[in-house]
Amino acid sequence: TDEFIVFYSANSSTKNSPNPAKPLDIVLYDIKNDTKEIVLKSVSYNWQQGCRLQWIDSYEFICNIYNEQKSVYQSVIFNVKELRVKEVLSLPIYDCYKDIFGMTLNFAYLGSLAKDYGYFNLNQDKVEFDKEGLWWIDLKNSTYKLVLSFEDIVSFTENEYSRNSKHTINHIMISPDGRRVIFIHRWYINERRFDRLMLCNCDGTELQTLSSGGVVSHCNWHDKHTIIGYFHKENNGLTYYKLNILTHDYEKLGSGIIDVYGDGHPSVQGNKLLFDTYPDKSAMQNLFLFDMTDCRLDKIAELKHPLEFSGSSRCDLHPRFGNNSGTFFVDSVYQGQRNLYMISK
């Protein structure tokens with residue numbers, strides 16, 4: 001509704017690794033009245049994705065917490081009009097479809113293999129393949145079920161030798177119509193990482209591989225049948241693609257225009273592609289807006305990334321659109337600390 005922004009405020013330097021003993025404040029910012037209020041705290045977070053804070057309807061957001069009494073990760077739904085926790089759910093969430101359901105994973109196990117994205121209140125470096133994987137959770141009544149196990153995922157592989165490897169799933173993204181979900185399946189052999197972009201219905205049926213045989217990086221839904229992302233596709237190399245999930249037809253985006261900048265984090269609104277770059281040799285990150293219709297590229301910003309922010313404490317811009325195509329949000333450390341910025345074009 002353009003009335004509120006929710007964001008994190010850290011109580012310690014974000015140059016260091018996340019510390020579960022030092023909670024993040026979750027702050028509600030009233031845009032019209034220019035007021036801020038701490039409404040929640042969470043000790044389950046990382047610097048790349050926080051505690052998965054996200055709006056699920058006009059006046060409610062959801063985020064992950066740690067229940068110390070039960071030693072489990074959970075999620076809470078908070079109503080910003082009533083300033084209260086409306087619901088405490090049995091599982092943490094990764095992505096949500098409105099206020100109806102969410103999809104999630106085991107954050108403790110993820111943290112053992114991908115410290116950038118897991119939580120650190122619990123230690124879990126092993127899972128039973130038939131009891132962990134991709135979970136579905138009803139946001140109305142907190143019921144949940146395992147819809148796709150690691151056993152299902154690993155069995156659906158071209159390489160049987162991967163069965164004895166460490167496996168994770170990450171970057172869960174539900175389609176705009178709530179029917180399907182994509183995720184990245186990663187496994188590790190002798191510290192070498194292998195990636196697959198996978199798709200299934202939200203009930204776990206009709207599993208398929210969209211991209212394999214190379215790096216799969218960041219993706220975003222363009223519409224209910226189309227994904228835009230940075231990944232390998234057959235003999236066409238590593239670049240940005242537009243991929244139809246029904247036909248598996250794909251096309252390169254911005255050949256000779258945007259592919260020269262390498263990997264980034266794409267955000268899509270209409271025919272506009274907003275993406276960033278990793279720091280170059282001068283430690284500068286770029287923010288670009290690409291018109292996919294007329295292939296016009298505009299540089300929005302160029303921001304310094306100090307060297308002391310590195311590894312899991314790095315600060316990718318993670319650009320995303322506001323409610324209109326002239327407003328963008330980015331994370332940046334160009335002023336020496338991690339901040340959230342709103343840019344009006």
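Which residues lie nearest the centre of the second largest pocket? They are Tyr73, Leu91, Pro92, Asn106 and Glu132, from a lining of 16 residues.

The model is predicted, so to select features it is required that local ones have pLDDT of at least 70 and that side-chain atom pairs count only at pLDDT 80 or more, while totals for chains, interfaces and linings use all residues. Residues are numbered from 1 along each chain as its sequence is written, and side-chain values use heavy atoms, with hydrogens and water left out.

**The pocket**

A pocket is an open set of points on a 1 Å grid over the protein atoms alone, with protein on both sides within 12 Å along at least five of seven lines; lining residues have an atom within 4 Å of a point. The volume of the second largest pocket is about 310 Å³, where a volume is the space filled by probe spheres set on points joined across faces, edges and corners. Strand 6 (72-79) and helix 1 (107-113) are the elements that give two or more residues to this lining. Helices (H or I, at least four residues) and strands (E, at least two) are DSSP runs, numbered from the N terminus. By class, the pocket lining has 10 nonpolar, 5 polar and 1 charged residues. Here Ala, Val, Leu, Ile, Met, Phe, Trp, Tyr, Cys and Pro count as nonpolar, Asp, Glu, Lys and Arg as charged, and the others, Gly among them, as polar.

**The cavity**

Next, select Leu105, Asn106, Tyr109, Leu110, Glu132, Gly133, Phe150, Thr168 and Ile169, which line the largest cavity. A cavity is a set of grid points where a 1.4 Å probe fits but cannot get out. There is 1 cavity of 30 Å³ or more, and the largest has a volume of about 50 Å³. Helix 1 and strand 12 (166-174) each supply at least two residues of its lining, which divides into 5 nonpolar, 3 polar and 1 charged.

4 strands form an open sheet in the order 4-5-6-7, with antiparallel pairing; two strands pair if DSSP finds at least two bridges between them. Strand 4 (54-57) and strand 7 (84-89) stand at the edges with a single partner strand each, so one side of each is left without a neighbour in the sheet. Strand 5 (residues 60-67) pairs with strand 6 over 8 bridges, and Ile65 stands opposite Gln74 in strand 6.

Move on to an open sheet of 3 strands in the order 24-25-26, also paired antiparallel. Its edge strands are strand 24 (320-321) and strand 26 (339-344). Strand 24 is joined to strand 25 (residues 327-332) by 2 bridges, and Phe328 in strand 25 is the bridge partner of Phe321.

**Two loop residues**

Most residues other than glycine have a negative phi. Select Lys98, in the loop between strand 8 (95-97) and strand 9 (101-104); its phi is positive, about 50°. Lys98 is partly exposed because its relative accessible area is 47%, with buried meaning under 20%, exposed over 50% and partly exposed in between (1.4 Å probe, protein chains only).

Then select Ala283, in the loop between strand 21 (272-276) and strand 22 (284-291). Phi of Ala283 is positive, near 65°, and Ala283 is buried at 11% relative accessible area.
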